[in-house]
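Work through the exercises below with the sequence and the model open. Each task is followed by a solution in steps.

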Amino acid sequence: SKQFALFGHPVTHTLSPRIHRAFARDLGIDMEYRAVDTAPDDFKAALDRFAEAGGVGGNVTLPLKEAAFGLCADLSPAARRAQSVNTLIRTDHGWHGENTDGAGLVRDLTDRHRLDLRGRRTLLLGAGGAARGVAPALLEAGIDKMVVVNRSAERADRLVDLLDAPGRVASRYWEDLEALGDFELVINATSATRHGGALKLPFGLASPRFVVVDLNYGEAAAPFLSWGRAAKAEAAIDGLGMLVEQAAEAFQRWHGRRPDTDDLYASLRAEHA
Ligand code: ATR
């Protein structure tokens, strides 16, 4: 059967193998999908070994998405815009790199959560790999202006340059959050709460039509989403649906068929309330 793998460090708690196996089972596709714990220094060698052993497709998670971008022979437009790769497809001339995170997020927000993104004034917190992965897709989905705020201002500026949408995207200092006015969509793309940290955010960021989204799920999403609920958000959405949808996008690219995600999402949701 065809060989697929997830590369990351660590990969112990990842849901990706379970998600892809469930999709394959539902569609009667014969494949194997395993998780490979790969230290950054060993990533290139691990990918070579995987290809030699017949590997045809892969996913890439933290902290290897940028390294994957550098190792691909060619890139999809989304991967090039994000400068990071979460999906690999083996070709005759090497690995083709894609990034399905942004498409996965937009599909989760618009299809599952029935959120109309168009015209929403958006605040993006963070300018690392996760933020880069989703920002282009949000702009394409028709959000209004996007303000990028990051702890290190230079990184926010770099993301704004990369997005290349002057007039629509701007960076501001973290210290100025109090003075930014209000937003209709606030997205936490920082890793602050993944390391047990907190995010101190003013309630003044909340407009009457205010939705919060955390790209993390589980405990890592809890502090930011509780802040959003306390600020009277209409919806507080974690990254579990995005995880399932970015996987479905990758699955479709590998297997040519689109899995139905509703049942799997429901059972994962029951475990990650
Ligand atoms: P990821 O791939 O998850 O985006 P990353 O590229 O290391 O990981 O980016 C982490 C993001 O979380 C960055 O935006 C980082 O801010 P800096 O660029 O200033 O480092 C942000 N971040 C991490 N810890 C944070 C904290 N305690 N407060 C605010 N932002 C934090």
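**Exercise 1: a strand and its partners**

In this predicted model, strand β10 (residues 183–188) is mostly covered, with five of its six residues buried.

Solution. 

**Exercise 2: an annotated lysine**

Task: locate the residue that UniProt marks as "active site" and decide whether this residue is buried or exposed.

Solution. 
1. The unreviewed UniProt entry places the feature "active site" at Lys65.
2. Lysine 65 lies in helix α3 (residues 65–71).
3. A residue counts as buried if 20 or more other C-beta atoms lie within 10 Å of its own. Lysine 65 has 27 within 10 Å, so lysine 65 is buried.
4. Neighbours within four places in sequence are left aside; lysine 65 is then in contact with Val60, Ser84, Val85, Asn86 and Gly129.

**Exercise 3: the ligand shell**

Task: describe the residues that surround the ligand.

Solution. 
1. The ligand is surrounded by 15 residues, of which Gly128, Gly129, Arg151, Ser152 and Ala192 are the closest.
2. By class, the shell holds five nonpolar, eight polar and two charged residues.
3. Helix α6 (residues 129–140) gives the most to this shell, namely three residues.
4. Gly129, one of the closest residues to the ligand, is also among the contacts of lysine 65.

Terms used
Residues are numbered from 1 along each chain as its sequence is written. This is a predicted model: local features need pLDDT of at least 70, side-chain atom pairs count only at pLDDT 80 or more; totals for chains, interfaces and linings use all residues. A residue is near a molecule or strand if its C-beta atom, placed from the backbone, lies within 6 Å of it. Helices (H or I, at least four residues) and strands (E, at least two) are DSSP runs, numbered from the N terminus. Ala, Val, Leu, Ile, Met, Phe, Trp, Tyr, Cys and Pro count as nonpolar, Asp, Glu, Lys and Arg as charged, and the others, Gly among them, as polar. A residue is buried if 20 or more other C-beta atoms lie within 10 Å of its own, exposed if 12 or fewer, and partly exposed in between; C-beta atoms are placed from the backbone. UniProt positions are given in the numbering used here, feature names are shortened, and annotations may be inferred rather than shown by experiment. Two residues are in contact if their C-beta atoms, placed from the backbone, lie within 7 Å.
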